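Subject: Structure handover

Hello,

Here is the structure, with my notes below it. Please look through the model before reading on.

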Amino acid sequence: MQAFTQLTGIVAPLDRANVDTDMIIPKQFLKSIKRSGFGPNLFDELRYLDEGQPDADNSQRPLNMDFILNHQRYAGTSILLARDNFGCGSSREHAPWALMDYGIRCVIAPSFADIFYNNCFKNGILPITLLDEQVDALFEQTFANTGFALTIDLEAGLIKGAQGGEIAFSIDAFRRHCLLHGLDDIGLTLEQASFIKRYEEKRKAQAPWLFAD
């Protein structure tokens with residue numbers, strides 16, 4: 001998993017509450033488990049005017065120019081600003097895969113659905129929860145300033161670049177450690193590889209018949 005230490009990026013404002021995982025990546029794209037290739041279909045029903053299908057040539061599809069990610073001023077965004085209950089709905093891990101594949105490494109919102117929130121950390125995305133008034137202020141600044149960017153410093157627990165000064169945020173210490181070091185569940189297990197190997201050797205000596213070919 002890609003580590004997250006510090007990120008500076010353009011902020012895109014998704015000004016709607018209760019964005020569910022089917023809106024983030026619609027159900028017809030869930031056939032693949034490769035974790036990659038989902039970026040072109042992120043927010044598919046909002047980005048395009050037709051119905052998306054797996055393996056379609058998205059470059060030929062009509063764009064919904066009312067949707068923020070289709071605006072040139074938000075090109076290359078890596079920080080998504082959202083409203084309450086972001087990531088609600090089904091527990092599909094494809095939602096953070098799609099965000100990550102698109103290039104979004106951080107989502108800022110007043111609240112997140114629990115399963116989506118947990119899945120973000122397991123896939124290298126930092127979800128930051130702020131107060132409603134702090135999120136409101138960031139929306140205002142994003143709309144008012146073309147190319148508005150923030151720096152997210154996970155180690156310091158600070159959002160830098162906002163008008164009015166730095167914004168502190170808190171993350172569970174274990175999750176923070178995993179993101180800083182790029183550790184998903186497999187990575188955490190592999191950190192214990194030497195202990196696992198010693199246990200297996202000990203067990204084999206105690207009960208060799210369990211390891212017979």
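C178 is buried, at a relative accessible area of 6%; buried means under 20% relative accessible area, exposed over 50% and partly exposed in between (1.4 Å probe, protein chains only). This is a predicted model, in which local features need pLDDT of at least 70 and side-chain atom pairs count only at pLDDT 80 or more, while totals for chains, interfaces and linings use all residues. Residues are numbered from 1 along each chain as its sequence is written, and side-chain values use heavy atoms, with hydrogens and water left out.

Helix α6 spans residues 173–181, and C178, L179 and L180 are buried in it. Helices (H or I, at least four residues) and strands (E, at least two) are DSSP runs numbered from the N terminus. At the start of α6, the backbone nitrogen of F174 has a side-chain oxygen of D172 within 3.1 Å. G182 follows α6 and has a positive phi, near 65°.

Cysteines: the search of the whole structure returned zero disulfides (a disulfide being a pair of cysteine sulfur atoms within 2.5 Å). For C120, the nearest cysteine sulfur is that of C106, 9.4 Å away. For C178, the nearest is that of C120, at 14 Å. C120 is buried, with a relative accessible area of 0%.

T142 lies in helix α5, residues 132–144, and is buried at a relative accessible area of 1%. Its side chain reaches the backbone oxygen of L138 at 2.7 Å. Not counting residues up to four places away in sequence, T142 touches V11, P13, R73, Y74, L81 and F148, where contact means heavy atoms within 4.5 Å.

S78 sits in the loop between α2 (44–47) and β2 (79–81). S78 is also buried, with a relative accessible area of 9%. Leaving aside neighbours within four places in sequence, its contacts are L7, T8, G9, I10, G103, I104, R105 and C106.

Last, the largest pocket holds about 250 Å³ of space. On a 1 Å grid over the protein atoms alone, a pocket is an open set of points where a 1.4 Å probe fits, with protein on both sides within 12 Å along at least five of seven lines; lining residues have an atom within 4 Å of a point. The volume is the space filled by probe spheres set on the points, which are joined across faces, edges and corners. The lining has 14 residues, and S32, G37, F38, P54 and D55 are the closest to the pocket centre.

Regards

Definitions and conventions
Polar contact = N/O pair within 3.5 Å; in protein donor to acceptor, adjacent residues only side chain to side chain.
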